[in-house]
Amino acid sequence: MKIVACIKYSFDVSEVKVDPATKELRLAGVPQRVGVIDKNVLETAVTLKEATGATVHGLTLAPASAREAFREAMAMGLDDLTILDSAGLAAAGPAVTALVLATAVQKLGDVTLVVCGEASDDGVSYQIPPRLAERLGWSLLGYARNITLTGDTLTADRDLDSGMQRVAGDLPLVLTVTQETNTPRRPTLMDAL
């Protein structure tokens with residue numbers, strides 16, 4: 001079984017400032033990193049890997065120079081990482097991003113589960129997972145907690161405003177998680193080497 005963990009290289013939103021005169025965001029010089037929610041994505045994928053013997057493939061759109069920023073992600077348990085060069089895609093929008101990710105998932109072959117964050121730290125559009133599921137022709141199971149995989153059926157509790165809802169879906173599917181889904185592991189320095 002192959003699991004893809006879609007992780008985002010995004011602006012560190014705690015470092016973004018607003019220009020007082022123009023009221024526009026100042027992004028020049030703002031560092032980028034693996035997003036906060038993306039660590040929950042990694043934890044979910046690696047936990048399922050440990051339970052099932054699957055392989056976990058990281059997938060991201062980022063500049064090639066960002067490879068070092070993904071060292072911690074690799075140390076968390078990814079089997080490999082594909083960085084799709086994002087040059088020229090910065091203003092492309094969610095539809096193009098989903099198309100690029102879907103094409104990469106299909107090229108990996110035999111993928112049965114894609115795990116995404118419900119929204120990114122910086123874009124917060126909530127559009128990538130549903131668009132990706134549509135492009136792949138798969139079901140989408142969102143806001144997941146307490147995730148279990150038995151055979152080809154994934155069961156999760158969905159965290160909704162009105163409470164929890166137990167749902168199940170057959171693979172292949174796209175799964176979204178939130179920061180409340182789990183507590184990401186902290187790899188040791190030796191894991192990162």
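Which residue of strand E6 is the bridge partner of Lys2?

Reply: The bridge partner of Lys2 in E6 is Thr55. The model is predicted, so local features are described only at pLDDT of at least 70 and side-chain atom pairs only at pLDDT 80 or more, while totals for chains, interfaces and linings use all residues. Residues are numbered from 1 along each chain as its sequence is written, and side-chain values use heavy atoms, with hydrogens and water left out. Helices (H or I, at least four residues) and strands (E, at least two) are DSSP runs, numbered from the N terminus.

E6 covers residues 55-62. E6 pairs with strand E1 (2-6) in the parallel sense, over five bridges; two strands count as paired if DSSP finds at least two bridges between them. E6 also pairs with strand E7 (80-85), again in the parallel sense, over six bridges. In that pairing, Gly58 stands opposite Leu81 of E7.

Seven of the eight residues of E6 are buried, so the strand is largely enclosed by the rest of the structure. Buried means under 20% relative accessible area, exposed over 50%, and partly exposed in between, with a 1.4 Å probe and protein chains only.

His57 lies in E6 and counts as buried because its relative accessibility is 9%. Its side chain makes a polar contact with the side chain of Asp80, at 2.8 Å. A polar contact is a pair of N or O atoms within 3.5 Å; within protein, one must be able to donate a hydrogen and the other to accept it, and residues adjacent in sequence count only if both atoms are side-chain atoms. Setting aside neighbours within four places in sequence, His57 is in contact (heavy atoms within 4.5 Å) with Lys2, Ile3, Val4, Ala5, Leu78, Asp80 and Leu108.

In soluble globular proteins, nonpolar side chains tend to be buried together. A nonpolar core is a set of buried Ala, Val, Leu, Ile, Met, Phe, Trp, Tyr and Cys residues joined through side-chain atoms within 4.5 Å. The largest such core here has 32 residues, of which Phe70, Leu113, Leu154 and Leu175 touch the most other members. E6 is one of the elements that give two or more residues to this core, and others include E1, E7 and helix H1 (36-52). Apart from it lies another core, of 17 residues, among them Cys6, Ala104, Val114 and Val174.

The buried residues of helix H4 (residues 128-136) are Pro129, Leu132, Ala133 and Leu136. Seen down the axis of H4, these residues fall within an arc of 100°, so they line one face of the helix; the arc is that of the directions from the helix axis to the C-beta atoms. They pack against E1, and also against helix H3 (94-108), strand E8 (111-117), strand E9 (139-150) and strand E12 (173-177). After H4 comes Gly137, which has a positive phi, near 75°.

E12, one of those packing partners, holds Thr176. Thr176 counts as buried because its relative accessibility is 1%. Its side chain reaches the backbone nitrogen of Tyr143 at 3.0 Å.
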